[in-house]
Amino acid sequence: MHPVLLIDEVLRVIFDNIDGELNRPPACKTFFRLATVCRAWKDPALDYLWASLASVDPLLALLPQNASDDSTLPPDVLARFHAYASRVRTVGQNSRKLLRHKVPPGVLSAVASGGEDQTILPALRSVRLVLNDRTKRELPPTLYLSRNLQRVTIDVGFNCGKAAPELREPLHTYLENVARVASELKHLRLRGQLASPVVDTVASMHGLRSLFLCVGPQLTARTFASIATFPCLEDLRIQLDCPDTGDLSDALATASASTTLFPSLRTLQVRTSPAAAEIFFAHLPAAHGKLHTLHLESDLKPRSVDTWTPALALLADKTAATLADLSIEALTSFCEAVDHTVPPKLHFTLTTLAPLARLPHLRRFALDASIPPDLSDADLAALARWWPALEDLALWSRPCDTFDAPTYFSRQPRATPAGLRALAAHCPRLRALALPMDVAALPPRAHPPLAVPAQAALRRATLGCAHGAGRALDAPALAECLFRAFPALEALEFDNGADGDGDEAEWAGVLESYFGLGGRAVPVV
């Protein structure tokens, strides 16, 4: 063996590469074998082998299985346990396997470190608990606590009708201890039917940088207002179900009276109603805000999409200088009763989106609605002038089949290939495009051909197509129209939904004509 392989620092660089290249099970087998090669390799290999555990069972297996609460553990047993426990950096636990090795609380206290923290895994950085099996909800908190804890994920699922009482108190105690002990905690993720007191413990975790809360109505307005004051919070993903928007308004107004809310927020993903979003966005910082990315998701209740316009107006006012990535998911659930004589307006129009004209730095805009937006060529030109720095524009979504056309909406897009001219002229950085389009409504060919500014940045385009019954598609003319606007496409797709199953030959003709104009073969997918 070369002497350099006996140097600890060199070994750990090699082991880092092994750990990064292999999936965890093969890596564990590799580190197990490496630990048996020689004494110089044993400790570094064991560090990597025990660094990440799918459960605490391997550790608990090191303790006597017949011990009682008042048992005294031999010094050699304690020494061996701590030798391995000190190596653990990441631990998970799935309730379906919780816990195979039953250890009395007294024994856990005996192996815990001294001091009031009573930690068992002193080097622990990350915890992931999946507790969605109602029959197995034991949670010894000291197994998952450390002063060095930086990331906690807890998922209890939504299968229970209400939060399981046998889990409520252990989780509440655990998160209170995390808030008290783990001063380095930066990332928290809570999902499922958790009790309000459990969720409320988040209010005291002021050092968080990222927070994911999908807990339904258990998130109170007061706790949300406390979260808004966190000075370092950069990434917030939240389900904001507020039955009483008055409480939300009062709580945020009270909190904003003494400090700036969301001072460091850069990424936001929120599922809420238009009314709650309007209150939320009103309290975003304007002068020194940092919001860069926003994913806004509807709560699925049937309503007109125009109800989002006031919230979008506030958003534009607050983030005009910073927002670069905006996606809106406005899907509608029709499980609730809908007045079919006066159906809600589900298609976005230029008027609905008009407040977003005040976002000149937008580089990505995506709209996913139940019905594709109702936009004309002139509307596309307006969007292009609003957002000259745009790199990704996604306006196509397959129409839902809940409604019968044309009673509720028209499946026939108003935009035509002629609208591509404005996008090519005003969005020189555009790299990805998805649009609903009537591909049969082609502009008349000019002789000589019109000089259309060719935009060479666009690489991928998806056209949500409709060309109407009895209307033939002129494949060479469509290909020429596309090529004159965007000659450098690498991927061109046509999506006609379920009605387009017989159109493959037409689309193949467009692809052959398009790539033929550039002297290229059709890419093989």
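**Exercise 1.** Which residue in β8 does Leu236 stand opposite?

Solution. This is a predicted model, in which local features need pLDDT of at least 70, side-chain atom pairs count only at pLDDT 80 or more, and totals for chains, interfaces and linings use all residues. Residues are numbered from 1 along each chain as its sequence is written, and side-chain values use heavy atoms, with hydrogens and water left out.

Step 1. Locate strand β8 at residues 267-272; strands (E, at least two residues) are DSSP runs numbered from the N terminus, as are helices (H or I, at least four).
Step 2. β7 and β8 run parallel and are joined by 5 bridges; two strands pair if DSSP finds at least two bridges between them.
Step 3. Opposite Leu236 stands Leu268 in β8.

**Exercise 2.** State how β6 is joined to β7, and name the partner of Leu213.

Solution. 
Step 1. Strand β6 (residues 210-214) runs parallel to β7, with 4 bridges between them.
Step 2. The bridge partner of Leu213 in β7 is Ile238.

**Exercise 3.** Explain why β7 is described as largely enclosed by the rest of the structure.

Solution. 
Step 1. Buried means under 20% relative accessible area, exposed over 50%, and partly exposed in between (1.4 Å probe, protein chains only).

**Exercise 4.** Classify the aromatic pair Phe280 and Phe281.

Solution. 
Step 1. Rings of Phe, Tyr and Trp (its six-membered ring) pair if their centres lie within 6.5 Å; planes under 30 degrees apart count as stacked, over 60 as edge-to-face and the rest as tilted.
Step 2. The structure holds 14 aromatic pairs. In the pair of Phe280 and Phe281, the centres are 5.8 Å apart with 40° between the planes, and the pair is tilted.
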